[in-house]
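Have the sequence and the 3D view open as you read.

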Protein chains: 2
Amino acid sequence: MKLTNSISKRILFLLLIVISVSCNKKEDATNDVKNEDSHPKLILTAKGVKDIRAQLGNVPIFDNTLKAVKEEIDAEIALGIDTPIPKDYSGGYTHVRHKRNMIVLQKAGVLYQILEDEKYAKYVKDMLMQYEAMYKNLPVHPKTRSYARGKLFWQCLNDSNWLVYVSQAYDCIYNYLSEEERNKLESNLFKPFADYISIGNPQFYQRVHNHSTWGNAAVGMIGLVMNDEDLIQRALYGIKGKEMDKTAKDDDGGFINKDGKAGFLANIEEPFSPDGYYNEGPYYQRYAMYPFLIFAEGLHNVKPDLKIFEYKDGVLLKSINALLNLSDADGDFFPLNDGQKGMSYYTSALVTAVDISYHYGNQDAGLLSIAEKQDRVLLDDSGLAVALGVKNGKAKPFEKKSINLSDGPKGEQGGVSILRNEDIELVFKYASQGSSHGHYDKLSYSLFEDGEEVIQDYGLSRFVNIEQKGGGNYLKENKTWAKQTIAHNTVTQNETSHYKGKYEIGSQNHPDLHYFSSEDANIQVVSSKVSKTYSGTDMHRTMAVIKDEDFEKPYVLDIMKVTSNKSNQYDFPIYFFGQVLETNFKYETPESLKPLGSKNGYQHLFVEGLGKALNGNSKFSWMSNYKFYTLTSITNTNDELLFTRIGANDPEFNLRRDPALILRRKNTKNSTFVSTIEAHGNYSPVTESAVNSKSSVKELKVLVDSDDFTAISITNIHGKTKLFITVNKKFSKNEKHVLKINNKTYSWSGSYYLQ
Amino acid sequence: MKLTNSISKRILFLLLIVISVSCNKKEDATNDVKNEDSHPKLILTAKGVKDIRAQLGNVPIFDNTLKAVKEEIDAEIALGIDTPIPKDYSGGYTHVRHKRNMIVLQKAGVLYQILEDEKYAKYVKDMLMQYEAMYKNLPVHPKTRSYARGKLFWQCLNDSNWLVYVSQAYDCIYNYLSEEERNKLESNLFKPFADYISIGNPQFYQRVHNHSTWGNAAVGMIGLVMNDEDLIQRALYGIKGKEMDKTAKDDDGGFINKDGKAGFLANIEEPFSPDGYYNEGPYYQRYAMYPFLIFAEGLHNVKPDLKIFEYKDGVLLKSINALLNLSDADGDFFPLNDGQKGMSYYTSALVTAVDISYHYGNQDAGLLSIAEKQDRVLLDDSGLAVALGVKNGKAKPFEKKSINLSDGPKGEQGGVSILRNEDIELVFKYASQGSSHGHYDKLSYSLFEDGEEVIQDYGLSRFVNIEQKGGGNYLKENKTWAKQTIAHNTVTQNETSHYKGKYEIGSQNHPDLHYFSSEDANIQVVSSKVSKTYSGTDMHRTMAVIKDEDFEKPYVLDIMKVTSNKSNQYDFPIYFFGQVLETNFKYETPESLKPLGSKNGYQHLFVEGLGKALNGNSKFSWMSNYKFYTLTSITNTNDELLFTRIGANDPEFNLRRDPALILRRKNTKNSTFVSTIEAHGNYSPVTESAVNSKSSVKELKVLVDSDDFTAISITNIHGKTKLFITVNKKFSKNEKHVLKINNKTYSWSGSYYLQ
């Protein structure tokens, strides 16, 4: 289907177009702007384009972005057009080509508007016409793996991506086309395309899910361009009158639509908490952000009365701030739930997010510093505003502080806390299930130092778009390993995952915030409780990052209090990286490695070492990234310490061979796990010097552990002792607490005591 | 032993000094320079110091280095002096403190000369006097692990390091001291110190070894400062009349002195090849370089008639060029033999090397670009010259090309070749045993892409100076794993290491160069043969890096020809990094992991997968550092393919858990292993796009494999075929070869044919 193949047939046709274009152009020039039906109007606006043209050559980031896009698209145009008959999964040629085409179309449309060079408009039109010719007779995609197969792609999701981009391209060349051409495209391509992904696939469209958001945006954006009120309404409120089976599930095990809600507004309502946290976590938020924001921008431009950016107390813009805060020092998103590591705010969706947030929000100067790092902007009004802000020296650092982000539509379904102090970032996850991409990881955490993972969250088991690994799709180990509780830095009871590893249970329960405190620069604390992860068992975890002048770097204090109505086995892993340096406990390493268990993720762990804990403090030091770390845990001689490594029962090497140390406590009802994790010192392979390679914690002790309070003493190697008391019971904000320990009385108000 | 403790006793003494100093200073001012007995004369010279003072404030790198050194030493002076009674191994406090003191003394001496501030001279004197007070009654170091225990440190080696630095400090404050003080230091500290590490420890001093080089330099440098001809002669030629036991061995299993040679000149003669390759490899060369060069600089200054930089055809300066070429794109040295990864030309010894090489060599502008990266210089004449060169914009890139470096005193004991093409660097090791730090790795290689390891050499099993790991010393896994043949990317026969893993055999044999060719920009080839690694078996390996326009990046062609007089099992590993992507052969992964064998390194490998090779080409693709790689090997259905991972029988987690794929060929006499290794494409976790993730090799075939020639065809996915013929037999440089393949006649002259 190369363009060249069909050139001969088109010569006459092209001649006709040239004439019609000339006419349109004249119309354009006389018809000055304004009118709701003028084009472009969706993302670019007639007025915006005027402003942009006026500033060209004047705003470095904008000009550079434009130059790069021009080079990219000119090269594509030189290669010719290819719209192959769809046949592949993600990563395969036809998939990659159609995905590329949608981007190219969108960019070519923008170039036409900004540069006023008709070659771009012609290119867009030619490609759209090829799509039109193909689409009208196109069957459902031959690959059958999806619950909602697309036509251009193997899933409706990708078809929707395509229409979100192509709507913008169509808007840009709308006036370049004759009415007849527009009718042809709309009747044979856009309208049936929008109908297919919505009415044709309600199991995809009619729900609250990131897939549907793309579907809604696709239908809505083409509706805005075509001025099709029917499509716009369908986008905002879902398919009119369509009732879904509330028990049906999708590929990932999520309910299709258990509440009956649908449409773009419901999709804003449900997944975002009032703080802007997106319930599937930052990786999927990043993915979902683009349709949310680009459709919102379109609605803002075409339907300003809807006040979309003010919807739900301005949650769309708040969510961008939340998302940026869910990234580490390098801008990489924390890999919560099904998140692929390495995704960062350098992704193009975040260019959209940052620019829109700046322009339609409060012109936060911190956003400009991220835009500077991204070094590119949207080629629209918002991108121009950002580029001008940067040019005028308005950028300030985007300061990430400790932050607590509630989860749930009303902010009452747990949340995520990030405790930050110097280079240490602790990500504490007490969020709700996170839709179908959630993991069974209640009260889990991960730890970062200066943007490097120290205690990792495994992330997903998938190699997105790498065809050799299961077509680039979710691997079966995502369910058997990555989602399981034992894959996370939290407690697993009796080798079973939280909520029995069942979405039905997980999605109806969640942890609750006990307290969050970040007022004191020297200590940040979060405390959360959860019940029903296991029947009859309650968990309460309090984590603090403490800056103490006797320690080189801030350290983590971790108090996990488990209470149960029966005896259980508790496994509590710490997924460290790097090289074991030293333990103060003895361990044996087996001659051959066997899996730790047979199910719930345990089948994927090899046991590399088996140790007996000490009575008092068990210590473990390791080195990673040329830095030293030490875990100090309060243990007893019945505790086992297991060195494990991921990779058992992994017949296709889908899993990374990462290590962990698991503290195993058997035959126990109530138990409080207390540890510190210190980051300390460093090693240089160039000078070969090891600095501060040893722990500064001499002794960790539980002084009190009641229903009301837990008091921990931390004595350092200089003999100085810190006392930390956390309130376990319910308390009111300024409630005064009194506790006597060894005949000394401590009193304070609020959540914790540290001295 | 803090200074403050003894202040009271010294007041009168100090008064006397103040008077004597004043006198000395006057003398200095009148006595203008020249005379062999003026000071400083060793590294700094009286004239050099004048030049330096004249340029101060004028040469940025020099000034910045000076400023940094001043800040460092001022901080040390503020902390006070500590010369603790020796008791620790490497990494322990007393070791670290004395090591630090020697550096601080040397730098303080330099500061005194350049800045003319007496506080530095006084500091040096005070510390030296504390050493004098301690040393005169100091017993041998209490730690017993070394074959040559020191006094300040657990090994004479470190004592020698100390004296090399401290000689410089003494030279700098020589004129500041009274004759009485000098006599005291020389009689009670320096002379007995020099005697102890030489006459007192001939097993350390009287040999050809990097340890002895330090010893020679230490004795020689203090001899030069003291103008003690006896010590100077002992440094240059060894202990007069001392005959060593030629069968004795040191801790590492190396012979102490099998040839009876000793002294600094013998130490230059033996380990350096005419190309400047140091027989222990770059990691130890880097370590040995400092005493070689700093003593040479001293000899050049004090004994110019010796023409030390012209010795052995200028090999000292040549060796610096060789060493710089033995680093990857980031300046990290290739970890040959016992090399710790991460050591690079940023180490201070290489600042010395680069500056001296520039100043005493041909003022190579390429060296200035490395000096710029190092961003510091020696605070002496050579450092000034470099800083001025940089300041005057003379720096040019240091271009690393393909290079062949012969090994052996006469360049006839094998060598190391580095094949470079674009971002690909292949390091082919056909060197001799490499003294006691050598590995049993004949005809092995490692592969780098843009400074990242692709196919790794394990390096050593040691965490240098990390006390928790065996005191920072060699771990037992260095012998049981790191030195063994199976730990390397070469052929192991019958699960036994080359030369039976015996140093006696290894050190008396070596591979020989067959040919090396780097004239053609599109292909670099090296070919080497070795016999006697196994009795009755010969090996011949030819490796080429080929740039072919149909391939994205240069690829590696590997031809390993093994001939034997009996049937054997051959194991041929490839130590890749990262994630298995795809194989075209089937494999099983065992439920539990068992060691591959019981000795010679095999006991450290777990078998993670067991595959059957295909008849024709077996292919294996992986991803590492977000780049793709593919191995294509000619195999038959009797071949096994084993996925292994290091870490079995490793009771203290001393080994890294790195993977390999081993091609195992059983019951075979003669066999030629042929493979290509392609680097291709990349993956972005931000855009989530996989580019060129598949191999471009369609088929690899052996067309001819005789005693005279091996001809390989490489057909790419576009159907184009390249023919590579290598000459196996002995040939003269321009000899003409003719070979008929499938009725077509190929003729060429020289070593290989490629078309």
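How many salt bridges does a search of the whole structure find over all chains? The search turns up 78 salt bridges, where a salt bridge is a side-chain nitrogen of Lys or Arg within 4 Å of a carboxyl oxygen of Asp or Glu.

Before going on, some ground rules. This is a predicted model, so to speak a computed one: local features need pLDDT of at least 70, side-chain atom pairs count only at pLDDT 80 or more, and totals for chains, interfaces and linings use all residues. Residues are numbered from 1 along each chain as its sequence is written, chains are lettered from A and ligands numbered from 1 in the order in which they are written, and side-chain values use heavy atoms, with hydrogens and water left out.

**Where the chains meet**

Chain A puts 50 residues in contact with 50 residues of chain B, contact meaning heavy atoms within 4.5 Å. Between them the two chains bury about 4,200 Å², 52% of it on carbon and sulfur atoms. Buried area here is the accessible area (1.4 Å probe) that two parts lose on being put together, summed over both.

Four salt bridges are counted between chain A and chain B. There are also 23 residue pairs in polar contact across the interface, both residues at pLDDT 80 or more. A polar contact is a pair of N or O atoms within 3.5 Å; within protein, one must be able to donate a hydrogen and the other to accept it, and residues adjacent in sequence count only if both atoms are side-chain atoms.

Which element of chain A gives the most to the side that touches chain B? That is E12(A), with four residues. Helices (H or I, at least four residues) and strands (E, at least two) are DSSP runs, numbered from the N terminus. By class, this side of chain A has 23 nonpolar, twelve polar and 15 charged residues. Ala, Val, Leu, Ile, Met, Phe, Trp, Tyr, Cys and Pro count as nonpolar, Asp, Glu, Lys and Arg as charged, and the others, Gly among them, as polar.

| Lys | Glu | Distance (N to O) |
|---|---|---|
| A:Lys694 | B:Glu467 | 3.4 Å |
| A:Lys553 | A:Glu449 | 2.7 Å |

The pair A:Lys553 and A:Glu449 links distant parts of the chain, 104 residues apart. A:Lys553 is in the loop between strands E9 and E10 of chain A, while A:Glu449 is in strand E4.

**A sheet in chain A**

Strands of a sheet pair through backbone hydrogen bonds, either parallel or antiparallel. In chain A, four strands form an open antiparallel sheet in the order E21-E22-E23-E26; two strands pair if DSSP finds at least two bridges between them. Strands E21 (697-705) and E26 (752-754) are the edges, each pairing on one side only. Three bridges join E23(A) to E26(A), and A:Phe724 stands opposite A:Leu754 in E26(A).

The peptide bond from A:His39 to A:Pro40 is cis, with omega near -5°. You'll find A:Pro40 in the loop between helices H1 and H2 of chain A. A:Lys312, in helix H13 of chain A, has a positive phi of about 50° although it is not a glycine.
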